[in-house]
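Trainee: I have a model open and would like to go through it with you. Can you take me through it piece by piece?

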Amino acid sequence: MMASIHDIKNIGIEELKKYQENKIATIIDVREVNEIKETGSLPGGINIPLGDVGKALQEDPNVFEGKYSFPKPTLDSPIIFSCRSGKRSLVAAQQAQSLGYHKVLNFAGGWIEWENNLPK
């Protein structure tokens, strides 16, 4: 049974920061490479464009780590997906759930919320 959109927990910036501090989640930014180059990326996150997420999460762990320089998340480890505004990350979260990942979170505010909360 495919996970429904209602099963995916949306988190805000405060919860994201807790995960960043504790380093207990894999943070995956699903924006395109050119977007990341323009804006920068979330601290502690890795970039896997949305079109590659499904394939990446099915890679052999050694291949995943070689490609992304980051350990592949296990089915039981938390994964936070982020994008610009929370839409593409929700699609990625649904893909991850359909592949059997259990602790899938969506940073609903995305880069827009992150950028708006940077010290001025």
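Mentor: Start with a strand pairing: isoleucine 11 has phenylalanine 107 in β5 as its bridge partner. Strands here are DSSP E runs of at least two residues and helices are H or I runs of at least four, numbered from the N terminus. Two strands pair if DSSP finds at least two bridges between them.

Trainee: What kind of model is this, and how are residues numbered?

Mentor: It is a predicted model, where local features need pLDDT of at least 70 and side-chain atom pairs count only at pLDDT 80 or more, while totals for chains, interfaces and linings use all residues. Residues are numbered from 1 along each chain as its sequence is written, and side-chain values use heavy atoms, with hydrogens and water left out.

Trainee: Back to β5. How many bridges join β1 to it, and do they run parallel or antiparallel?

Mentor: Strand β1 (residues 9-11) and β5 run parallel, joined by 3 bridges. Strand β4 (residues 79-82) is also parallel to β5, again with 3 bridges. In that pairing, phenylalanine 81 stands opposite asparagine 106.

Trainee: Through which helix does the chain cross from β4 to β5?

Mentor: Through helix α5 (residues 87-98), in a right-handed β-α-β crossover. Right-handed means that, with the strands pointing away from the viewer, the path from the first strand over the helix to the second runs clockwise.

Trainee: Are the faces of β5 covered or open?

Mentor: Both are covered: Val104 and Asn106 are buried on one side, Leu105 and Phe107 on the other. Buried means under 20% relative accessible area and exposed over 50%, with partly exposed in between (1.4 Å probe, protein chains only). In a regular strand, side chains alternate between the two faces of the sheet.

Trainee: And serine 82, buried or exposed?

Mentor: Serine 82 lies in β4 and counts as buried, at 0% relative accessibility. Its contacts (heavy atoms within 4.5 Å), leaving aside neighbours within four places in sequence, include Asp29, Arg31, Ser89 and Trp111.

Trainee: Switching to cores. Which residues have the most contacts inside the largest one?

Mentor: Ile28, Val30, Ile48, Val53, Leu57 and Phe81, in a nonpolar core of 20 residues. Such a core is a set of buried Ala, Val, Leu, Ile, Met, Phe, Trp, Tyr and Cys residues joined through side-chain atoms within 4.5 Å. The elements giving it two or more residues are α3 (50-56), α4 (61-68), β4 and α5. The largest share, 4 residues, comes from α5. A second, separate core has 12 residues, including Ala25 and Trp114.

Trainee: What about α1, which residues are buried there?

Mentor: In α1 (residues 13-22), the buried ones are Ile13, Leu16, Tyr19 and Gln20. They lie on the same side of α1 because they cover an arc of only 120° around the axis, taken from the directions from the helix axis to the C-beta atoms. Glu14, Lys18 and Glu21 are exposed on the other side. The buried residues pack against β1, β2 (26-29), β4, β5 and α6 (110-116).

Trainee: How many aromatic pairs does a search of the whole structure find?

Mentor: The search finds 1. The rings of phenylalanine 64 and tyrosine 68 have centres 4.9 Å apart and planes at 50°, so the pair is tilted. Rings of Phe, Tyr and Trp (its six-membered ring) pair if their centres lie within 6.5 Å; planes under 30 degrees apart count as stacked, over 60 as edge-to-face and the rest as tilted.
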